[in-house]
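Hi,

Here is the structure I said I would pass on. Have a look at it first, and my notes come after.

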Amino acid sequence: MGAHVVATAGPGNQEYLASHGAIPTVYGPGLVERVRTLTPDGVDAVFDVAGKSALADSIELRGDTERIVTIADFTAQQYGVVFAAGPQECSAGRLSEVAELAVQGKLITTVAATYPLADAATAQQISDGGHVRGKLVLTVA
């Protein structure tokens, strides 16, 4: 049996989450109650990629800090939650592996917008807004 994934996003991204096979719900006040309604048998694990102060809700849903991992919330340690930074190695070999996954269709990267390097501040402001679906790419001419 596969995993049932509940994913959070703003109202405008609910359909997008569902198109990837997730059970969508909006984040924000009432999240714990919404997730409990969607998962009557409980939450087995949490993978936080947003880093928007959801760890307290995640702990409430799990009942403890076991099986909660974040790659985005730098306050993880104060909650006793694992922060996974991933490998720091960058190499031509790893880049080649990632490129091959993309060629095989196993890795899909969505580009939300492209900006010239001179507009890096604008791209940063948009990123800080927190509602970008995809990567913001800076180009160097």
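Below is what turned up, going from the whole chain to the sheet.

Keep in mind that this is a predicted model. The protein chain has six helices and seven strands, and along the sequence they follow the pattern β-α-β-α-β-α-β-α-β-α-β-α-β. Its C-alpha atoms fill a box of roughly 50 × 35 × 30 Å along the principal axes.

On burial, 19% of the 141 residues in the protein chain count as buried. The accessible surface comes to about 10000 Å², and carbon and sulfur atoms account for 56% of that. If you take the contacts between residues at least 6 apart in sequence, 20% of them join residues at least 24 apart. As for charge, there are 9 positive and 15 negative side chains, with the centres of the two sets 3 Å apart.

Now the sheet. Three strands make an open sheet in the order β3-β4-β5, and the pairing is parallel. The edges are taken by β3 (46-48) and β5 (82-83), each with a single partner strand, so one side of each has no neighbour in the sheet. Strand β4 (residues 68-70) runs parallel to β5 and is joined to β5 by two bridges. Which residue of β5 is the bridge partner of T70? That is F83. Helix α3 (residues 55-62) packs on this sheet and touches both β3 and β4. The direction of α3 makes about 160° with that of β4.

Cheers

Conventions: Residues are numbered from 1 along each chain as its sequence is written. This is a predicted model: local features need pLDDT of at least 70, side-chain atom pairs count only at pLDDT 80 or more; totals for chains, interfaces and linings use all residues. Side-chain values use heavy atoms; hydrogens and water are left out. Two strands pair if DSSP finds at least two bridges between them. Helices (H or I, at least four residues) and strands (E, at least two) are DSSP runs, numbered from the N terminus. Contact means heavy atoms within 4.5 Å. Axes are lines fitted to C-alpha atoms, for helices over the stretch in contact, and angles run from 0 to 180 degrees between N-to-C directions. Buried means under 20% relative accessible area, exposed over 50%, partly exposed in between (1.4 Å probe, protein chains only). Accessible areas come from the Shrake-Rupley method with a 1.4 Å probe; for residues, only the protein chains shown count as cover. Lys and Arg count as positive and Asp and Glu as negative; His and the chain ends are not counted. The place of a charge is taken as NZ of Lys, CZ of Arg, CG of Asp or CD of Glu.
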